[in-house]
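Here is a short report on one protein model. Please look over the sequence and the structure first, then read on.

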Amino acid sequence: SGILSLARGLAETCANLSTLNLELSETEGVTNEGWELLCHSIRNFSGLQNFTIDFDKVNLNSESVLLLSESIKRLRQLTQLHLVLTKNAGLTDDSCSCLAAEVTSLPLLSVLAISLSRCRNAGDATFSSLRRSKSQISKLFLYLAGLSISDEGATCLASWLSSLTSLRNLVLSFTEASLSEKSILEVLRGLSSLSELTQLSVMFTGCEKFTDKCSEKLTEMISSCETLNRLEIGLRKTGLTAQGKAVSYTHLTLPTIYSV
């Protein structure tokens, strides 16, 4: 398969790589042999600092994700990690929890981008694992479009976000995600603890439970963050009333992209 050929090629590559980008989007015919060799090859790049791996629409089973987690765990010099698992139906609670734990245990990681958009079984287990982690991430890009997130999961996510005291740049996308009003308020409460953010992009587009009360909390959170110099807000197709939609963020003295 294509994965096996790629794995063999990586196995013969110089182990002194500092940057590795693997584009495996929509790859078919992922065999156990190919995947095991690929993960074994990845863990040999001990000096890797920047790693991007894209599994968009690749149905990895639980064992495959656990093998990947073990490989990432060995990359102790990583400072940037971009992980795309969009539309991956093979994810399970256990594999998501393990992957999140290993990723956030990397000691030098400062930039983390994770896409779990439209992964049916991702979400709560991932956030529960993140809640127990400690990291010094300064830039976080979290794409959770189309996920169903429980109140408990939102509480775990909020707790983790509030612990990221080094965070300066945050992109958080809940586009068309299923969250209750309580969950949204809990996430916004977590964001309120990030007093030194300089850039914030938060998308609740298509979230029907984003209400006027949520908008008030978001406004309060933004106004209290004096370090912000760039802001992007997406509130199209939410549960805002006409009065809620009339709320403007243009009074803020910073560049703002606002869609409602």
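## Salt bridges

A search of the whole structure finds four salt bridges. A salt bridge here is a side-chain nitrogen of Lys or Arg within 4 Å of a carboxyl oxygen of Asp or Glu. This is a predicted model: local features need pLDDT of at least 70, side-chain atom pairs count only at pLDDT 80 or more, and totals for chains, interfaces and linings use all residues. Residues are numbered from 1 along each chain as its sequence is written, and side-chain values use heavy atoms, with hydrogens and water left out.

One of the salt bridges links Glu70 and Arg74, with the closest N and O atoms 3.2 Å apart. Glu70 counts as partly exposed because its relative accessibility is 28%. Arg74 is also partly exposed, at 41%. The cut-offs are these: buried means under 20% relative accessible area, exposed means over 50%, and partly exposed lies in between (1.4 Å probe, protein chains only).

## Salt bridges within helices

Glu186 and Arg189 meet through their side chains, at 2.8 Å from N to O. Both lie in helix H7, three residues apart, about one turn of the helix. Helices (H or I, at least four residues) and strands (E, at least two) are DSSP runs, numbered from the N terminus. Arg189 has 37% relative accessibility, so this residue counts as partly exposed.

Helix H8 (residues 212-224) holds Glu220 and Lys217, again three residues apart, about one turn. Their side chains form a salt bridge of 3.6 Å, N to O. Glu220 is partly exposed at 49% relative accessibility. Lys217 is partly exposed at 23%. An α-helix has 3.6 residues a turn, so residues three or four places apart point the same way.

How many residues of strand S6 are buried? Five of five, so the strand (residues 169-173) is mostly covered, by the cut-off of under 20%. Asn169, Val171 and Ser173 point one way from S6, while Leu170 and Leu172 point the other way. In a regular strand the side chains alternate between the two faces of the sheet.

S6 runs parallel to strand S5 (residues 139-143), and five bridges join them. Two strands pair if DSSP finds at least two bridges between them. Phe141 stands opposite Val171. The chain crosses from S5 through helix H6 (residues 151-163) to S6 in a right-handed β-α-β crossover. Right-handed means that, with the strands pointing away from the viewer, the path from the first strand over the helix to the second runs clockwise. Strand S7 (residues 199-203) also runs parallel to S6, joined by five bridges. Here Val171 stands opposite Ser201. Between S6 and S7 the chain passes through H7 (residues 181-191), and this β-α-β crossover is right-handed too.

## Leu170

Leu170 sits in strand S6. Its relative accessibility is 0%, so Leu170 counts as buried. Leu170 touches Leu140, Leu191, Leu194, Leu197, Gln199, Leu200 and Ser201, not counting residues up to four places away in sequence. Contact means heavy atoms within 4.5 Å. The C-alpha atoms of Leu170 and Phe141 are separated by 6.0 Å, although the two residues are 29 apart along the chain.

## Helix H2

Helix H2 (residues 32-43) has 12 residues, which should span 16 Å at 1.5 Å a residue. Its end C-alpha atoms are 17 Å apart, which agrees. The expected span is 1.5 Å times one less than the number of residues. Buried residues of H2 are Gly34, Trp35, Leu38, Cys39, Ser41, Ile42 and Arg43.
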